[in-house]
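User: I'm new to this structure and would like a careful walk through it. Could you show it to me before we start?

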Amino acid sequence: MKFSYNLKLAVGFVILLASLGFYSWTFNNISKKMFEVTHMVKHTHQVLELLESILTRAVDIETGMRGYVITSNPDFLEPYQEGIKTLDSLTESIRTKTAANLIQQHNLAILDSLLKVRIKHCDSVINTLKNKGVEAAAMMVRAGNGKYFMDKVRAQVEIMHQEEDNLLAIRSDTERKAKSTQSTMLYTSLSIILVFPVFLYISLRRYPTLLEKSKKELTQKVEEQTAELLYTNKELQREIDEKTKAQEAIIENEKKYRHVLDAMMEGCQVIGFDWKLLYINPAAEVHNRRPNEELIGKDFIESWPDIESTEVFQKIKHCMEKRISQTMENLFVFPDGTTGYFDLKIHPVKEGIVILSNDISNRKKAEKNLENAIMKLHEQALMLDVSTVVTRNMNGEIIFWSNGMKTLYGWFKEEVLGKRAHELFQTEFSEPLEDIMTNLLQNGYWNGELTHVNKQGDKIAVASQWTLQYDDNHTPKNIIEANVDITPRKQAEKELQKMTNLFQTLYDSSPDGIILVNSSGEIIEINKHTCLLFGYTKEELLGTSVEILVPERFKWHEILRQQYNSNPRMRPMGINQQLYAKRKDDTEFQVEILLSHLQINSEIHVIATVRDITEKKLLESQFLRAQRMESIGTLAGGIAHDLNNILAPILMSVGYLSSKVTDPHSKKMLEMLEVNTKRGADLIRQVLTFARGIEGERSTVQVRHLIDDIAKIINETFPKYITVHTSIPKELPTISADPTQIHQILMNLCINARDAMPDGGKIEIAAEEVSIDEQYATMHIDAKVGKYLVVSVSDQGIGMPPGVMDRIFEPFFTTKELGKGTGLGLSTVITIIKSHGGFVNVYSEVGRGTDFKIYLSLSEELQSLTIKDQEQTFIDGNNRLILVVDDEETIRETTKLALELFGFKVITADDGTEAIAAYAVHQDRISLVITDMMMPHMDGTATVRALQKMNPDVKVIVVSGLKQNGHTVNDKTVKFIHKPYTTEKLLNTIAELIEQE
């Protein structure tokens with residue numbers, strides 16, 4: 001049968017279209033499958049890494065359990081617990097990443113159950129160790145159940161690993177088929193486009209009439225089919241572009257996975273079918289102990305000589321040929337003779353095989369140590385009988401007595417079995433027995449020191465360790481007690497403690513600051529007096545640089561310290577030079593320092609002994625001034641003697657000439673000469689009084705009468721803007737003195753007070769009896785212990801600066817204008833007072849006035865005339881708390897010591913602000929406040945006012961060298977005493993305020 005050309009053409013065209021449709025359908029199916037496989041292998045490399053991490057954590061759990069069994073050290077449980085926590089998160093991550101793979105989900109469920117069984121077995125071993133001891137736990141380990149479960153875990157991980165490898169192989173095959181189908185479709189489409197116009201052209205040539213007839217129809221069909229082919233070609237090109245991008249992404253992912261392999265802690269090596277080493281990651285390079293350059297691209301067998309004779313090569317060869325994964329633990333001997341234990345996993349891959357390695361040398365070492373520890377336990381059990389061990393039941397009855405106990409205590413085993421241990425030993429416990437038993441039951445053991453009595457009745461000190469022994473139900477059964485004789489050590493410790501206490505007492509009671517400095521200049525130890533000297537606490541100074549105690553102007557101190565360290569020796573400092581130290585408040589004080597050195601652990605340490613010489617310098621100043629006054633007095637006496645010899649003949653000549661001369665003018669000149677000569681004679685008499693201390697006739701003098709006379713003279717002769725106020729007790733003792741000279745002293749001081757108040761003011765004269773104690777005597781060079789009559793003359797005048805006060809008793813020194821003063825008044829005063837066995841204290845502040853205190857000694861005979869002898873009693877402090885506020889550290893500490901001696905508790909403050917803070921904290925306990933009036937930052941007046949705002953009834957004693965104004969002193973709650981004060985005066989004033997309660 002002959003077919004028409006059109007029919008043939010139609011059939012051919014249909015066949016081409018059918019082929020194109022078939023390839024399109026095939027490509028679509030392959031694309032879907034590729035998408036599914038690509039989705040399934042999307043996380044393959046991550047899953048592989050997670051599987052290795054699970055295996056690593058499982059090994060960590062095993063290692064932690066074994067380490068704890070070996071050493072009983074709880075620190076090994078930390079990696080164990082951490083591994084258990086991490087396994088859950090790793091398993092969950094794999095479950096999420098393989099959610100589309102039902103096979104892997106099933107495999108993961110099996111792996112999860114195996115891991116839980118392994119962890120349960122490890123927990124059982126640990127509990128057995130805790131409850132039954134090391135031996136029982138070691139037996140469980142040696143039973144091999146753990147290794148069996150661990151091998152199961154490794155096998156299951158390997159199955160999951162193989163499944164992921166299979167997915168990668170399927171993806172590779174699908175990609176190949178997709179590429180082939182894509183090429184076929186492209187060629188078929190091009191064939192249709194090229195062949196169809198040829199067929200059409202031939203048909204038109206053979207059938208011109210048909211061409212005319214179907215021209216429009218064919219043209220229309222060609223255009224439609226061309227459009228469809230163009231569209232199909234465009235879609236194919238788009239899919240080709242997408243596949244190309246997917247392939248590039250796959251290549252990029254492979255690069256990333258290579259980075260992952262490089263970052264793995266597990267060693268990874270890939271060997272090709274030709275036994276060439278294709279890849280080695282950094283971890284494997286460490287395991288190989290050879291650089292990768294020597295191995296990659298080289299033959300594996302040639303790179304490792306004699307490898308073919310080893311078991312590990314047989315495993316590798318079996319995997320390469322049979323394509324079956326292998327695992328083993330291998331002791332590998334390197335060419336240089338060193339060895340290493342490795343856990344190996346060998347898997348087939350498309351390139352050949354991959355070897356994954358873990359260095360387990362440390363784990364093997366730990367297992368070896370475990371075996372050794374178990375052997376030692378057996379050895380120790382044999383030695384137990386010779387140790388000092390006793391076992392008693394929970395009732396305290398002895399059930400085991402070692403030979404060592406017989407040596408220590410003297411009893412044989414037969415003498416002690418069944419007896420109560422504590423009764424036998426007559427135990428003296430360092431803490432209550434109830435607390436010891438509670439601790440023992442809670443922790444399973446107790447350590448401490450006990451005192452026992454041996455068979456001979458001698459006391460011995462022992463270091464005792466109690467350990468509980470449990471039965472099968474974990475119920476306490478016995479107490480194992482191991483004792484060590486520490487009697488010699490305890491005796492040595494007591495002797496050492498005695499010496500330490502003695503040294504510490506001497507160290508802390510030293511009146512000097514002692515500072516220990518290391519070679520770097522850091523303070524590492526100080527005594528208590530150092531804190532008092534510098535105002536720091538011990539905690540503030542330790543660890544700081546010693547330069548903190550040195551004024552900033554001594555910038556070279558660090559260099560000098562380094563020079564001393566290079567040549568340490570005994571060296572006194574500050575004797576022939578002025579050295580200063582700096583307190584915490586930045587104030588400075590003069591010091592003497594003795595440097596010595598001490599070697600500790602091959603390091604030179606410097607011991608600096610620091611002495612505050614402020615009082616010493618003050619006494620030296622007073623002594624030098626007294627010497628200067630004595631020298632000036634000697635010189636003035638000689639000059640006065642010569643002047644008297646000159647003036648005597650002049651006066652005699654004036655008397656003679658007066659009787660001979662009749663001229664009025666000459667007589668007037670002679671009278672003027674006589675007056676001035678007598679005036680010179682009076683001046684010389686004052687000089688002699690100063691120079692020689694001329695004593696007049698002594699008699700019993702009541703100073704009250706002299707003060708009354710002086711007050712009367714002041715009221716009658718001084719300007720009205722000058723007033724006088726006297727304060728004299730009724731029973732004032734008498735003194736042995738020259739009344740004229742005492743009158744001269746008082747009058748001289750009152751005139752000076754008048755001249756110091758040109759704008760008016762008040763002169764106060766007071767007298768009282770005081771007792772000078774050792775505390776006060778150490779603060780004044782001329783003072784002696786005993787009773788004195790004190791007369792004070794104070795004014796409210798312009799005051800004197802310190803430079804003037806140092807010279808006021810020098811003869812001929814005066815601050816008055818020329819012609820208004822001779823400069824001999826105060827020099828005469830000091831001479832008269834010293835001739836009466838007394839001394840003077842002067843207090844003056846610019847703008848606030850001056851106070852002269854004259855101390856006149858009282859003789860015992862005269863005291864008996866006015867005061868009956870009576871025993872002095874003082875108030876009992878009764879632990880009352882007193883706050884002492886003064887910016888002078890010496891006064892603070894001296895007052896504190898005096899008050900504590902009489903039963904008071906004392907806290908101190910440097911200034912007013914610190915006092916307010918201390919009072920705010922201890923207000924309910926403070927009974928009384930003692931405060932100086934002149935202080936930096938916040939003076940006494942402001943401090944008292946602030947305290948009264950906090951507590952209107954606060955009791956305060958204000959202290960000053962000047963008499964205070966009436967508005968500052970309140971007779972009910974505030975009392976005033978002059979500074980310096982005696983302990984008797986202070987205690988009496990405290991008693992006056994406290995008795996008001």
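User: What am I looking at, and how are residues numbered?
Analyst: This is a predicted model, in which local features need pLDDT of at least 70 and side-chain atom pairs count only at pLDDT 80 or more, while totals for chains, interfaces and linings use all residues. Residues are numbered from 1 along each chain as its sequence is written, and side-chain values use heavy atoms, with hydrogens and water left out.

User: How many helices and strands does the protein have?
Analyst: There are 31 helices and 29 strands in the protein, where helices (H or I, at least four residues) and strands (E, at least two) are DSSP runs numbered from the N terminus.

User: And how much of it is buried?
Analyst: Of the 997 residues in the protein, 41% are buried, where buried means under 20% relative accessible area, exposed over 50% and partly exposed in between, with a 1.4 Å probe and protein chains only.

User: Which residues of H3 are buried?
Analyst: The buried residues of H3 are Leu77, Tyr80, Gly83, Ile84, Thr86, Leu87, Leu90, Thr91 and Ile94. As background, an α-helix has 3.6 residues a turn, so residues three or four places apart point the same way.

User: What span should helix H3 have?
Analyst: Helix H3 covers residues 77–97, and at 1.5 Å a residue its 21 residues should span 30 Å, which agrees with the 31 Å between its end C-alpha atoms. The expected span is 1.5 Å times one less than the number of residues in the helix.

User: Changing topic, which strands form the open sheet with E19?
Analyst: The open sheet has 5 strands in the order E19-E21-E22-E24-E23, with mixed pairing. Its edge strands, each pairing on one side only, are E19 (722–727) and E23 (839–845), and the twist averages 15° from one strand to the next.

User: How do E23 and E24 pair?
Analyst: E23 and E24 (residues 849–857) are antiparallel and pair over 7 bridges; two strands pair if DSSP finds at least two bridges between them. Valine 840 has isoleucine 854 in E24 as its bridge partner.

User: Which helix lies across E24?
Analyst: Helix H23 (residues 739–755) lies across E19, E21 (761–772), E22 (786–794) and E24, and runs at about 170° to E24. Axes are lines fitted to C-alpha atoms, for helices over the stretch in contact (heavy atoms within 4.5 Å), and angles run from 0 to 180 degrees between N-to-C directions.

User: What about E16, which strands does it pair with?
Analyst: Strand E16 (residues 588–600) runs antiparallel to E14 (residues 571–573), joined by 3 bridges, and proline 572 stands opposite leucine 594 in E16. E16 also pairs in the antiparallel sense with E15 (residues 579–582) over 4 bridges, and with E17 (residues 603–612) over 10 bridges. Valine 591 in E16 has leucine 579 opposite, and valine 591 also stands opposite aspartate 612 in E17.

User: Which residues take a positive phi in those hairpins?
Analyst: In the hairpin of E15 and E16, with 5 residues between the strands, aspartate 586 takes a positive phi near 75°. Asparagine 601 takes a positive phi near 50° in the hairpin of E16 and E17, which has 2 residues between the strands.

User: How many disulfides are there?
Analyst: The count comes to 0 disulfides, a disulfide being a pair of cysteine sulfur atoms within 2.5 Å.

User: Last one: is leucine 986 buried or exposed?
Analyst: Leucine 986, found in helix H31 (residues 983–994), counts as buried because its relative accessibility is 2%. Leucine 986 and alanine 898 are 88 residues apart in sequence, and their C-alpha atoms are 9.6 Å apart in space.
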